[in-house]
Amino acid sequence: MKPVYPEILTPDNTLSLSGVNNGDGTVTISIAEGQEFLIQDVKINTTGRTDLSFTVPIPTTAGQVDTYHLRYSLNGKSINNHIPNKNSFYLISVVDTNYNPNSVDESDEQFDTKYDDMLIAKVEIADTGTITIIPLKNKSRLIENFVVGWAITSTPNDVYPPTVNIQVDINWSRKPVISRGGIYNEYIQNVPGERSSLVIPELTSRYVIKSSHSYETLSTTSDSGRIVIYAEA
């Protein structure tokens, strides 16, 4: 197997998806035709495929939200104990005991895109019938520098570590490796004080990068600026 990740050949590297409440206690999730992606040097076109729609029940318990992963398998290789069909799209519940035998959070890296099995989207279905689809970016190499703004008010003797106040929504198919890549107009107001910027790997997932900026000061003051966060997967 080539160590090359799948790449969706659309402008934003995601697949176009839709969800419909059928009015009978079910919803249908569909993949649009006419889209292409590469997986292990095999080009897949969604035109004319018979596995583009999936119908699942709406949860009946008040407040319940069911979460699914939409995936594509090239070789039918298992994920944990779940064995998908070869050359197939599939929608699977994140509480399926074969797919997720240890009941870990769905954002766990074990469910990230593999070389021959692509995580396409997260799908959430509420008891109200509301459908939330988060398409995920698939590219052979995901890499970006994010310039992120922050604005905070600091008081004397602030508790350290600071509260997370910087968040970047990325919606990648793989959890990134992150670092603070540089400084960009970091201290706009130049308020005197001791400053700290942190990227926080343990609070980062394939969906979001979280960071913080703080400073210690002798009086209550406000400050703002930007930092650069480097991410790669």
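This briefing walks through the strands, cores and a few individual residues of the chain above.

The model is predicted, so to speak of local features a pLDDT of at least 70 is needed, side-chain atom pairs count only at pLDDT 80 or more, and totals for chains, interfaces and linings use all residues. Residues are numbered from 1 along each chain as its sequence is written, and side-chain values use heavy atoms, with hydrogens and water left out.

The chain has 16 strands and zero helices; both are DSSP runs numbered from the N terminus, with strands (E) of at least two residues and helices (H or I) of at least four. Of its 233 residues, 45% count as buried, where buried means under 20% relative accessible area, exposed over 50%, and partly exposed in between (1.4 Å probe, protein chains only).

**The chain as a whole**

- Among contacts with a separation of 6 or more, 70% join residues 24 or more positions apart; a contact here means heavy atoms within 4.5 Å.

**The four-stranded sheet**

- Four strands form an open sheet in the order S8-S7-S9-S10, with antiparallel pairing; two strands pair if DSSP finds at least two bridges between them.
- At the edges are strand S8 (88-93) and strand S10 (131-135), each of which pairs on one side only.
- On average, neighbouring strands of this sheet are turned by 20 degrees against each other, direction ignored. The axes behind this value are lines fitted to C-alpha atoms (for helices, over the stretch in contact), with angles running from 0 to 180 degrees between N-to-C directions.
- Strand S7 (residues 65-73) pairs with S8 in the antiparallel sense over six bridges, and leucine 70 stands opposite leucine 91 in S8.
- S9 and S10 are antiparallel too, with five bridges; the bridge partner of valine 123 is isoleucine 133 in S10.
- The hairpin of S9 and S10 has four residues between the strands, and glycine 129 in this hairpin takes a positive phi near 90 degrees.

- Strand S2 (residues 17-21) and strand S3 (residues 26-31) pair in the antiparallel sense over five bridges.
- Asparagine 21 stands opposite valine 27 in S3.
- Four residues lie between the strands of the S2 and S3 hairpin, where glycine 23 has a positive phi near 75 degrees.

**Nonpolar cores**

- A nonpolar core is a set of buried Ala, Val, Leu, Ile, Met, Phe, Trp, Tyr and Cys residues joined through side-chain atoms within 4.5 Å.
- The largest such core has 24 residues, and those with the most contacts inside it are Ile31, Phe37, Leu70, Tyr72, Phe89, Leu91 and Ile120.
- At least two residues of this core come from each of S3, strand S4 (36-39), strand S6 (53-57), S7, S8 and strand S9 (117-126). S9 gives the largest share, five residues.
- A second, separate core has 15 residues, including Phe146, Trp150, Trp172 and Ile229.
- Beyond its neighbours within four places in sequence, leucine 91 is in contact with Ile29, Phe54, Val56, Tyr68, His69, Leu70 and Val123.

- Aspartate 117 lies in strand S9 and is buried, with a relative accessible area of 2%.
- The side chains of aspartate 117 and tyrosine 90 are joined by a polar contact of 2.8 Å. A polar contact is a pair of N or O atoms within 3.5 Å; within protein, one must be able to donate a hydrogen and the other to accept it, and residues adjacent in sequence count only if both atoms are side-chain atoms.
- Alanine 121 is also placed in strand S9, and its relative accessible area of 0% makes it buried.
- The C-alpha atoms of alanine 121 and leucine 136 are 5.1 Å apart, with 15 residues of separation along the chain.

- Glutamine 40, in the loop between S4 and strand S5 (42-45), has a positive phi near 50 degrees though it is a residue other than glycine.
- Aspartate 41 is found in the loop between S4 and S5, and its phi is positive as well, about 70 degrees, although it is not a glycine.
- Glutamine 40 is buried, with a relative accessible area of 18%, whereas aspartate 41 is exposed at 56%.
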